Amino acid sequence: MLFLQFLVTGIVTGCFLILATIGFSLTRRVEGFLNIAHAELLGVGAFATWWFNASRGWHIIAAAAIAVVITALVGLGIARAIYDPIRVRGPAVLLITSVGVAFVIGGVIDALIGTGIRTLDIGLATSYEPFGIRITNYQLLVVALAALVSVSLALFLNRTRTGLAIRAMAVNPELAASRGIDVRSTSRATWLLSSGLAGLAGVMLAVIATLTTDLPFAQILVILAVAILAGLGSLYTVIASGLIIGVAMDVSVYWIPAGYRPLVAFAVVIIVLLFRPEGLAGTRAA
Amino acid sequence: MNWPQLIITVITIGSILGVVTLALNLQYARGGMINFGIVAYFAAGAYAYAIATQPAPQGLDQYSFGFDWPWWAGFVAAGFAALVFAVVTGWPTLRLRGEYLALTTFAFAEVFHSFLINERRIGNGTVGLSNLERPVSDWGPIEEKYVFAAAAALLLLVTLIAFRRLLNSPYGRALDAIRDDEIAAAAVAKPVADMRRQVFLISAVPVGFAGALYAMFTTLAQPSLFTAEVTFVVWIALVLGGERPIYGVVLGTLGLVFFEEVVRAWPFETVRSAQIAASVEHVVTGLLFIAVLRLRPFDRISEQLKARA
Amino acid sequence: MNNNSSALLSVEHVSKRFAGLQAVGGDDGLTFAVDKGAFIGLIGPNGAGKSTTFNLLSGVLATDTGRVCFDGRDITAAQSHKCAACGIGRTFQTPRVFESLSVIDNVLVGADSAGERLLGALGRSWRVRESETIEQARLALERVGLGSYSDDPVTDLSGGELRMLEVARQLVREPKLLLLDEPTAGVHPGLQERLAELLLNLHRSGMTLLVVEHNLRFLLALADRVLVMSQGQLLAEGAPSEIRSNPAVISAYLGDDHAV
């Protein structure tokens, strides 16, 4: 029974990881580099929610909505001001620069918020115990959101003009440009989308976790694990790999101390990389 | 502000981190490998020194091993530990390229960090190991801090000379060739995989020594001293100094450490302002990083000098 | 089956597929032998599998089936650098040079210096032989007509000159077998003449040559035997004069714009 409980918690963790990683993978896919600062964007979302909700007394839904919008705009602003001018230098320089960006965002959040635990002004979680397995309404919300986001992202990328343009850019930017796709507005849509998703994941982090200023950056580790496992830049395998890593981390608690959860995540990644050096998706873009 | 003290600290810490930057420079600028987990080799050295030299556990100690060896044996053990860690981490990761290598080395370092925190039998978990052995306590008229500064500078110098000698030889030329084009290098019989592994391993050893020196200097081995931040700081120093001229790397490290130490030594009135200063230090470091990558001031200066010559 | 004792290289039933498509091999695999000291031309239309064959021989690609023996050793599974160490030198269809190095350093990488080993590099003994090695490298550059560029960055060279640089990089190694992949492409006529002379000299000095070339006028004047490949298989084999008049070759290959 306890094992099943860990399994269910693992699925919830996995769903959060899907939310946190999918924007990261989208950036990698379309913009071609690993944006380490993505984790700090989760922090922007989480603390913006906290500020509007706990300090200003807004309703959680309003606070969350404005936080997602703010995060999306911050992400777009950073891309335009910092990443775009050095695009030509290639993915390694962009990756290293994004570490600097993560430092800046982290430092600003630290300076504004300060140390200590922050809690949202929302009711305590309600627990349900179907078949003796405990799950809270907030955990269910994470699962529902992950499902909703995955489905709507798939629909968006396959059915809408902007979505199709994003996919075309990911495959071949020059070709996309020559076929009349507006590269600039498509790039803007990508950044808004991926940063908005980071904001949403940040909101969820604020809802289910004990929020401190160093928490967002700690997520980069597991985000990387999920992204590598999925195969960098692939989107649909993120769903499978998020669940695999979430479940592996939480079920491992059944046998070994909880402090080893990140270790388990990377053990999975390292084992997979030994057999498939390009991740689960197998090729660069799946 | 106590300037002489500050300068001594900058020389000591700057030289210790300078060794790490040199190793990173060898791996990245010459070997073409992005190592985002360099702090782990540094930590491995520090912990190896601590474990080798500390007395056997007693009382409240949670750690299981303490060999009570003399300091020099601990120093050697530190280099060896970093080498062993490089063997273990290099085996699965060196087949990978570019960003995959960057991510897995980063992951290894984080896993090692979480291991140090959770496995209390190694080094008391988050509390860490303290009161570590220093070589000699009585240096007569010379203050101990000068001895440490000199030792750190010496380690830096020896590493610099050894690396320079290696890189100015045909070995360095072959490394450049491998970095530029692996297939072409293999076509002239360069053992590409072996040479990459060699570079990865030999650059880890001085990092282990630097870790031991750091442990001696701070008399501490604690997980909080060895976070990913150390890796990033060293990367920033590498970027600041420019990749290629090996001296630039050292100057970059010293400059960055100077800046950080000034912020740390600044007399702040309240806890809150000190806290904000620490955050601002982060922000400024990050901005510096972004600006240097974007403007590449040092590359331009050296290009201008070249053009004039 | 070629069990000829004078064969330096023997290729037996070798095949290679890419994503299910046969690149080299056909039904029975590719089989041929190269005698010691021979000068062999390898021709065929685009996509015939010539460059893939080179990649298989030099260890850049692994064979799916078959066996490759060189100088009495089975090198079927050998990695690229091992093949090179055995004495197989090669150039590439698109030149591959070391962009951050100068012209002379590109050639020096080809020489196996004692200072290329880790412990050797830290010692001093490699310095003794280095000046000799540099002299050899200059000579090699001289032989391919790049003598006056030795201290320039490689980025200053033209595409044809890069090809010559690749040849020089192999010359300092004195390979037993030299594989040249389209050595005249993009090389101006003056340099081509020099190349022809160089190849004949190498041939006379006993080096074994296997040359892929689209410029048949150039190749057929030099080679003493020609292999014709088409769709991954050996279509014909013989002296240049026989190849010129072989109807199968003419229909498969000489139909295109590379007329003799």
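In the predicted model, the domain assignment divides chain C into domain 1, comprising residues 1–87 + 175–260, and domain 2, comprising residues 100–172. The C-alpha centres of domain 1 and domain 2 of chain C are separated by 26 Å, and the contact between them draws nine residues from domain 1 of chain C and nine residues from domain 2 of chain C. On the side of domain 1 of chain C that touches domain 2 of chain C, helix α7 (residues 189–204) of chain C gives the most, with three residues. By class, that side of domain 1 of chain C consists of six nonpolar, two polar and one charged residues.

Chain C also holds an open sheet of six strands, arranged in the order β7-β8-β9-β4-β10-β11 with mixed pairing. Its edges are formed by β7 (88–90) and β11 (233–238) of chain C, each of which pairs on one side only, and the twist from one strand to the next averages 20°. Within the sheet, strand β8 (residues 177–181) of chain C and strand β9 (residues 208–212) of chain C run in the parallel sense and are paired over five bridges; Leu179(C) stands opposite Leu210(C) in β9(C).

Helix α1 (residues 50–57) of chain C is largely enclosed by the rest of the structure, because eight of its eight residues are buried. The buried residues of α1(C) include Lys50(C), Ser51(C), Thr52(C), Thr53(C) and Asn55(C), together with Phe54(C), Leu56(C) and Leu57(C). After α1(C) comes Gly59(C), which has a positive phi near 80°.

Turning to the assembly, two pairs of chains touch, and the most contacts are found between chains A and B. The contact between chains A and B takes 38 residues from chain A and 34 residues from chain B. On the side of chain A that touches chain B, at least two residues each are supplied by α4 (91–113), α9 (215–230) and α11 (261–275) of chain A, and α4(A) provides the largest share, 16 residues. The residues on this side of chain A divide into 30 nonpolar, seven polar and one charged.

The contact between chains B and C involves 21 residues from chain B and 27 residues from chain C. Elements of chain B that give two or more residues to the side touching chain C are α6 (144–167), α7 (170–180), α8 (182–186) and α9 (192–218), with α7(B) giving the most, seven residues. By class, the side of chain B that touches chain C has 13 nonpolar, two polar and six charged residues. Chain A and chain C, by contrast, are joined by no contact, and their closest C-alpha atoms lie 13 Å apart.

The largest nonpolar core contains 269 residues, and those with the most contacts inside it are Leu19(A), Ala225(A) and Ile245(A). Since domain 1 (1–87 + 175–260) and domain 2 (100–172) of chain C both give residues to this core, the core lies between them. When neighbours within four places in sequence are left aside, Ala225(A) is in contact with Ile245(A), Ala265(A), Phe266(A) and Val269(A), as well as with Ala107(B) in chain B. In soluble globular proteins, nonpolar side chains tend to be buried together.

Notes
Residues numbered from 1 in each chain as written. Chains lettered and ligands numbered in written order. Predicted model: local features only at pLDDT ≥ 70, side-chain atom pairs only at ≥ 80, totals over all residues. Core = buried A, V, L, I, M, F, W, Y, C linked by C-beta atoms within 7 Å. Buried ≥ 20, exposed ≤ 12 C-beta atoms within 10 Å, placed from the backbone. Domains from an automatic or database assignment. Contact = placed C-beta atoms within 7 Å. Helix = DSSP H or I, 4+ residues; strand = E, 2+ residues; numbered from the N terminus. Nonpolar A, V, L, I, M, F, W, Y, C, P; charged D, E, K, R; others polar. Pairing = 2+ DSSP bridges. Axes fitted to C-alpha atoms, helices over the stretch in contact; angles between N-to-C directions.
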